[in-house]
Amino acid sequence: MAKTILYTEQLVAGALLKFDRVSSLDIFLLAKSFLKRNPDYELSDMKLDYLKDYVEVEEGKISLKNGLNLDSYVPQNESNLRKRLEQIAGACIRKYFQEFDIEEFMIRKIEHYSGIREDDMDSIFCKTQQEELKKLDEKGYLTTTWQDEAIYDDYRETRLSDFGKLRLFKIDNVEEIRRFIEILKSMRYDTSLLDDFLIKQDLDMPVWSVLDLVKLEEFCNCYDRAISEEGASSINLIRLQSDKKTILDEQGKKLMENMLSVWDNHCIHICHPNHLFAGAKPITADVREMVNINWDDIDVEKMLRINDYKTFITPDCSQAFKYAHQCLGHQIMNEVKKGNRNGAISYLVVVERYTFDYEDNYLVRGIIRGDYEGYSIAFNPEYQKTIPQSIWEKSLRMSDHEIPTAYLIKRKK
């Protein structure tokens with residue numbers, strides 16, 4: 001498909017509505033920015049057929065002729081020069097400058113230079129741009145240092161600070177950073193760490209070499225920063241062993257019973273973690289393994305609305321385990337058939353419903369993880385305290401003669 005051609009002169013007309021002067025570098029940066037945002041257009045070579053009566057060119061810089069300003073009367077359209085420049089610029093260029101991010105433009109212009117001497121400021125930046133420089137400096141995007149490499153020729157030099165480089169990195173990698181933040185949210189990592197982490201990285205490297213979870217973990221270890229978001233904790237999985245005749249050995253059966261048996265006048269629901277936990281989905285296309293979770297941050301209404309769960313009410317956990325085995329096995333085998341044995345991982349969450357203060361409350365018991373090698377489970381530490389340790393305790397629980405403290409607390413849904 002052929003692209004629509006615009007004259008570079010139109011871009012210059014639009015720029016003169018923003019700046020009192022534009023340089024060849026300004027035009028280059030503006031053209032690059034415009035074409036990035038408008039890929040269906042292309043710009044012709046520079047000519048000044050329509051602007052020649054209003055501008056002058058000196059040392060590669062274009063400005064309005066002496067004596068003219070934007071309010072000057074122009075006979076060609078019986079209006080002022082502002083209207084005439086808008087007319088030359090055209091609708092597409094006008095729209096571009098209506099959405100123009102001058103901060104980004106200035107950061108890119110400064111980044112073009114390895115350093116800008118103080119004596120060169122007036123020749124590099126027009127008056128409008130120098131006002132923007134002050135704003136960038138106030139935001140901490142600039143740093144100014146003395147250069148004293150040559151004897152008797154000390155000079156001050158301005159360049160982007162680490163915060164300025166970070167701002168540019170964020171501008172250039174919006175989608176990648178958005179995706180990385182979603183990964184952090186799914187893993188229940190503290191996203192407020194991101195800026196501090198990125199400041200310490202080499203931002204000239206490829207984006208996914210910078211947005212690296214291993215590097216983030218190393219950063220947190222090095223600077224003693226907690227990587228998990230508030231309320232989240234590590235999921236401590238216990239690998240369940242099997243023997244030659246059964247899926248689980250005796251110890252594995254005991255642990256699974258502790259996860260799935262119901263000893264009180266309660267019930268358990270088994271569902272996918274994405275259907276129960278609030279906030280970002282813990283399992284996504286980018287995050288296949290659960291490492292942290294906030295056991296209390298659940299949305300039972302979501303689970304009920306999605307309605308893809310199973311309820312169990314008896315001490316005999318055989319049916320509950322059969323259901324879990326079928327669900328996990330089906331998902332695992334689907335991945336194995338695709339040749340993705342290492343990625344054949346699936347999860348279920350077990351949540352217990354109990355009545356307190358005449359209302360239904362919910363306590364997450366834990367997570368069951370399945371993979372090609374078998375099963376692992378992770379208990380919610382709060383629930384783990386309630387597991388009966390003997391036949392006598394189970395009997396007391398079943399007869400409602402003993403109620404663990406965990407079930408005497410009102411929990412949000």
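Which residues of H3 are buried? I looked this up before anything else, taking buried as under 20% relative accessible area, exposed as over 50% and partly exposed as in between, with a 1.4 Å probe and protein chains only. In H3 the buried residues are Leu81, Arg84, Leu85, Ile88, Ala89, Gly90, Cys92, Ile93, Tyr96 and Phe97.

**Ground rules for these entries.** The model is predicted, and local features need pLDDT of at least 70, side-chain atom pairs count only at pLDDT 80 or more, while totals for chains, interfaces and linings use all residues. Residues are numbered from 1 along each chain as its sequence is written, and side-chain values use heavy atoms, with hydrogens and water left out. I took helices (H or I, at least four residues) and strands (E, at least two) as DSSP runs, numbered from the N terminus.

**Entry: the largest pocket.** I used a 1 Å grid over the protein atoms alone, on which a cavity is a set of points where a 1.4 Å probe fits but cannot get out, and a pocket is an open set with protein on both sides within 12 Å along at least five of seven lines; lining residues have an atom within 4 Å of a point. Grid points are joined across faces, edges and corners, and a volume is the space filled by probe spheres set on the points. The largest pocket comes out at about 430 Å³. Its lining has 18 residues, and Glu111, Lys165, Leu168, Leu203 and Asp204 lie nearest its centre. Helix H4 (102–112), strand S10 (155–160) and helix H7 (162–172) are the elements that give two or more residues to this lining, and H7 gives the most, with five. I sorted the lining by counting Ala, Val, Leu, Ile, Met, Phe, Trp, Tyr, Cys and Pro as nonpolar, Asp, Glu, Lys and Arg as charged, and the others, Gly among them, as polar; for the largest pocket this gives seven nonpolar, three polar and eight charged residues.

**Entry: the second largest pocket.** Its volume is about 340 Å³, and of its 17 lining residues Leu29, Lys32, Ser33, Glu104 and Arg108 are the closest to its centre. Helix H2 (24–37) and H4 each supply at least two residues of the lining, with H2 giving the most, namely seven. The lining divides into seven nonpolar, two polar and eight charged residues.

**Entry: helix H7 and Gly164.** Which residues of H7 are buried? I listed Gly164, Leu166, Leu168, Phe169 and Ile171, and noted that what covers them includes H4, S10, helix H8 (174–186), helix H9 (194–199) and helix H10 (207–210). Gly164 has a relative accessibility of 0%. Taking contact as heavy atoms within 4.5 Å, and leaving aside neighbours within four places in sequence, I found Gly164 in contact with Ile107, Gly140 and Tyr141. The C-alpha atoms of Gly164 and Ile110, 54 residues apart along the chain, are separated by 9.6 Å.

**Entry: two further buried residues.** Asp371, in strand S17 (residues 359–371), is buried at 12% relative accessible area. Beyond four places in sequence, Asp371 is in contact with Arg239, Ile332, Ala344 and Ile345. Val287 lies in the loop between helix H13 (273–276) and strand S14 (292–293) and is buried at 4% relative accessibility. Not counting residues up to four places away, Val287 touches Ile183, Ser186, Met187 and Pro282; its C-alpha atom is 7.4 Å from that of Met187, 100 residues apart along the chain.

**Entry: positive phi.** Phi of Glu59 is near 55°, a positive value in a residue other than glycine. Glu59 sits in the loop between strand S4 (55–58) and strand S5 (61–64) and is exposed at 70%. I noted that phi of Asp224 is near 55° as well; Asp224 is in the loop between helix H11 (213–222) and strand S11 (233–234), and counts as exposed at 71% relative accessibility.
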